[in-house]
Amino acid sequence: MNMKVSDFDYELPKELIAQEPVQPRDHSRLMVIRRDRENFEHTHFYRIIDYLEPGDLLVMNDSKVIPARLLGKKSTGAKVEIVLIEKVGSKQWKAIVRPGSKIKRGNVLLFEDLQCEVVEHCDDSTRILEFTGSNPWEKIRRIGKLPIPPYISKYPDDPNLYQTVYAKKDGSVAAPTAGLHFTDSLLKKLKEKGIKMAFVTLHVGLGTFRPVKVENVEDHVMHSEYYTLPEETVELIKETKRNGNRVIAVGTTVVRTLEAVAQKHDGKLVAESGRTDIFIYPPYEFKVIDGLITNFHLPKSTLLMLVAAFTGREKILKAYNEAIKLRYRFFSFGDACFIY
């Protein structure tokens, strides 16, 4: 089936792009989409507990957003901005640099008491930067800012609003946003009801915001991201399936991790770390997940394509149009869906 990127387009009024999260974060709205029913239910996220049964398993991404955005200057005094994407050596990072056309190999960049040199110009227009001095990571943590998505106009007063409450492992340059709706108190109530929790790690790259520029969906090349699927999570998923309960992914990053590993091992899950560039779009046969908690995604995005593969393209676009009519809030700081 030859699907066009335009098949995943919809009209979104700009004012529905959430600029800040609801407080408390579990009071965001929740649209419940059952794949076996035509109509959608509308509630609030803290009521997700009503849709989960004892023995169900929530799988979450515990990656933490790093302060990857640095503002500084070249040795000439010209202003520069970098966004670190991935560590590639003890003192080397792959990064996006701005203004890209003016930052060449050999340039020295200064960020307060932190200094780096551009040592390589990569094919994808990124650069490899080598930092000088001892323990540059500590300085990056001190002076860097979280790389907030381009559609959010104001940096949050509290940067922790762009972290999940269970974030542990440094490495993402964008938050796994489905998890932003959970609070400590909601997680406690879920555990008390007998709902289990497990974690994977997938470090979200900036490719998550990159537009799809091809016409045919299958021509798009996905960015590669690092993941870890722990043994404990594999065992909990197997136990959940054996008991006839549901495995529910909290976010598209969890889906990509689980389905990538299953695809690699003939439908089985194996504890491992690696990289994945899995691209999920309709039609796709899911091997692991039974449910998905996710936000409302950008038009024509790979995230919307993944959700359409799980829900059905026409059904998810119908849900999005209903969400627009009911003034749901979209994207990273927006409202959520629970699809099962």
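**Note on aromatic contacts**

1. R35 lies over the face of F310, 3.9 Å from the ring centre. A charge is taken to sit over a ring if NZ of Lys or CZ of Arg is within 6 Å of the ring centre and within 35 degrees of the ring normal. The charged end of R246 likewise sits over the ring of Y340, at 5.1 Å from its centre.

2. This is a predicted model, in which local features need pLDDT of at least 70 and side-chain atom pairs count only at pLDDT 80 or more, while totals for chains, interfaces and linings use all residues. Residues are numbered from 1 along each chain as its sequence is written, and side-chain values use heavy atoms, with hydrogens and water left out.

3. Rings of Phe, Tyr and Trp (its six-membered ring) pair if their centres lie within 6.5 Å; planes under 30 degrees apart count as stacked, over 60 as edge-to-face and the rest as tilted. The count by this rule is 16 aromatic pairs.

4. One of the pairs is F45 with F182, edge-to-face, at 5.0 Å centre to centre and 85° between the planes. F45 is in the loop between β2 (41-44) and β3 (57-61) and F182 in the loop between β11 (169-172) and α2 (184-193), so the pair ties together parts 137 residues apart in sequence. Helices (H or I, at least four residues) and strands (E, at least two) are DSSP runs, numbered from the N terminus. Both F45 and F182 are buried, meaning under 20% relative accessible area, with exposed over 50% and partly exposed in between (1.4 Å probe, protein chains only).

5. Y151 and F331 have ring centres 4.9 Å apart and planes at 55°, so this pair is tilted. Y151 and F331 are both buried. Ring pairs link Y10, Y151, F296, Y320, Y328, F330 and F331 into a cluster.
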